[in-house]
Amino acid sequence: MSIRHVVIIGNGVAGFAAARQLRRQDGDLTISILSDEAHPFYLRSRLKEFICSALDEHEMILESRNLYRREKLNLLLQTRVAALDTVNREVILERGERIRWDRLLLAMGCRPQPLEMPGGDLRGVFSLRTLGDAQAIRNWAQGRRRAVVLGEGVVSLQLAESLACAGLEVDYLLLGDRLWPEVLDETAGGILEYLLRDAGVRIHKRSRVVAIHAAAGDVRAVELEDGREWPCDLVGHGCSFRPATEILVNTAIACRDGVVVDPHLETSVHGIFAAGDVVGREEAREDGALGPFRWQNSFHQGEVAARNILGAEEVLETFSFGIRTELCDLGVAVLGHGNLSTKAAGVTVDQVRHENHYRRLVFQDEILVGAILLGDVEHAPMLEEHIRRGATRGELHETLLPALLDEEPRLEQPLETHCPICTDAVKLAAGTLIGHRFSCRSCGNKLRLTYSEGRLAVLPEEE
Ligand SMILES: Cc1cc2nc3c(=O)[nH]c(=O)nc-3n(C[C@H](O)[C@H](O)[C@H](O)COP(=O)(O)OP(=O)(O)OC[C@H]3O[C@@H](n4cnc5c(N)ncnc54)[C@H](O)[C@@H]3O)c2cc1C
């Protein structure tokens, strides 16, 4: 069957990356992207910035409608898919229309579940996923004084930071003793805890909320297990994100804790593929690392799925990209098994800490299996590559380790290269810091010294 129309459900990073990859490979294909959101593509990691600023919604959009037009991508916003008819190969929209596909990509991402406790659905209880959510939080926060934040993942951390930055008093209640324990080791968690406190967030450990109380329908306080109450007029949480598979009920598409896919990202129904957070975690993370929040994994899966939709038969590596984010103005990268404890068999760790800058390299049986970088995260892509190919400690000792475990990695020798924009010569002296930002003397564009694909390189600042 010739493929003329690919329908993509979801315009997050997986869907968007897939659409662009499809277009790169086939200029004539009809590509339709259906999204229940109101905005073209934007970065969810920037939503925290939106909450505590006066940014306009349009300033958040990474790719304007012009790009969709230029690349001939039919973007249908505020278009919710209600069901699938896999026999006739049609999506059924909430408004009743049907759209036929030759190939379908499921890229619906995941959704936060409502808080399962009395009061979990009150006015003033929010999670953060979309630009619409960020707008609602910003509106609600205006003129309000106190927020409580629950949950232990990146979304909760970003909520706590942004609500404090928006001027609210924030009480962040943790179930356990540590910040983001699924991902960070004790030292990294401690550094972020210090920075959050410094930003005005009050952190309370071993504090389980059992109910949320209201006054006139609005949030008034949260109640803890031990009976104490924290007064608040906003509750933010980033708890229990689950794959958005509700439209697959009553279809033959197999789901477990998300859509089940084969190594080509094809589902149990021929011609229907899935990518991104909607894919079951068991499938997406055979290495058992981290949670579902990995932008890069979704991007990569979107591209692989697109190539396979067009017949490539590319196998998705079991390797899972790490998480990269920014918290309290500090770069954070956790790669592979970065928080593996030295109590585990065969595990040894090389680490260095300089104030809030921290690097932890984890070896199992002398093979690099993970890393945590706080502060300067320039080395993350290179380290990821070394983890992927199972580099040994011996190899790294000769190249990367001395620089990484130096508090401030610098050029050991002068570097002569070219401006990636105007191609004029660029010279950097020995001792220049890796990560150094500067302007090209010829064209004036901003550049930085970094590692790219395992080598030192000068790249445009925005990359
Ligand atoms: C607040 C926040 C901050 C984050 N920060 C980071 C970070 O710093 N680093 C990092 O690596 N990851 C981060 N993540 C996670 C990262 O954004 C996700 O892993 C990534 O967005 C997943 O992409 P996706 O395309 O699979 O799904 P999504 O981005 O969730 O996109 C799916 C889209 O499909 C739409 N959709 C769902 N069902 C339907 C339907 N029936 N009809 C039509 N449309 C539908 C959804 O509304 C959504 O627009 C963050 C996530 C959030 C929410």
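A nonpolar core, as used here, is a set of buried Ala, Val, Leu, Ile, Met, Phe, Trp, Tyr and Cys residues joined through side-chain atoms within 4.5 Å. Buried means under 20% relative accessible area, exposed means over 50%, and partly exposed covers what falls in between, with a 1.4 Å probe and protein chains only. The model you are looking at is predicted, so local features need pLDDT of at least 70 and side-chain atom pairs count only at pLDDT 80 or more, while totals for chains, interfaces and linings use all residues. Residues are numbered from 1 along each chain as its sequence is written, and side-chain values use heavy atoms, with hydrogens and water left out.

Let us start inside. The largest nonpolar core has 51 residues, and those with the most contacts inside it are Ile8, Ile9, Leu84, Val91, Leu104, Leu105 and Leu106. Helix α1 (residues 13–25) provides the largest share of this core, six residues; helices (H or I, at least four residues) and strands (E, at least two) are DSSP runs, numbered from the N terminus. Apart from this core lies another, of 50 residues, which includes Tyr42, Leu168, Leu184 and Val332. In soluble globular proteins, nonpolar side chains tend to be buried together.

Now turn to the ligand. Around it are 34 residues, the closest being Asp36, Glu37, Arg44, Asp277 and Thr325; a residue is counted if one of its heavy atoms lies within 4 Å of the molecule. Strand β19 (323–327) gives the most to this shell, with three residues. At least two residues each come from α1, α6 (154–165), α9 (295–309) and β19. Several polar contacts (pairs of N or O atoms within 3.5 Å; within protein, one must be able to donate a hydrogen and the other to accept it, and residues adjacent in sequence count only if both atoms are side-chain atoms) can be traced here. A polar side-chain atom of threonine 325 is 2.7 Å from a ligand oxygen atom, and a backbone N or O atom of arginine 324 is 2.8 Å from a ligand nitrogen atom. Tryptophan 295 has a polar backbone atom 2.9 Å from an oxygen atom of the ligand. The protein covers 97% of the 1,000 Å² of accessible area that the ligand has on its own, by the Shrake-Rupley method with a 1.4 Å probe; for residues, only the protein chains shown count as cover.

Helix α6 also holds glutamate 161, which counts as buried because its relative accessibility is 13%. A polar atom of its side chain lies 3.0 Å from the backbone nitrogen of cysteine 328.

Strands pair if DSSP finds at least two bridges between them; β21 and β22 do so in the antiparallel sense over eight bridges, with threonine 348 opposite phenylalanine 363. Two residues separate these strands, and glutamate 355 in the turn has a positive phi of about 50°. β22 is largely enclosed by the rest of the structure, because six of its eight residues are buried. Seven bridges then join β22 to the antiparallel β23 (residues 367–374), where glycine 370 is the bridge partner of valine 362.
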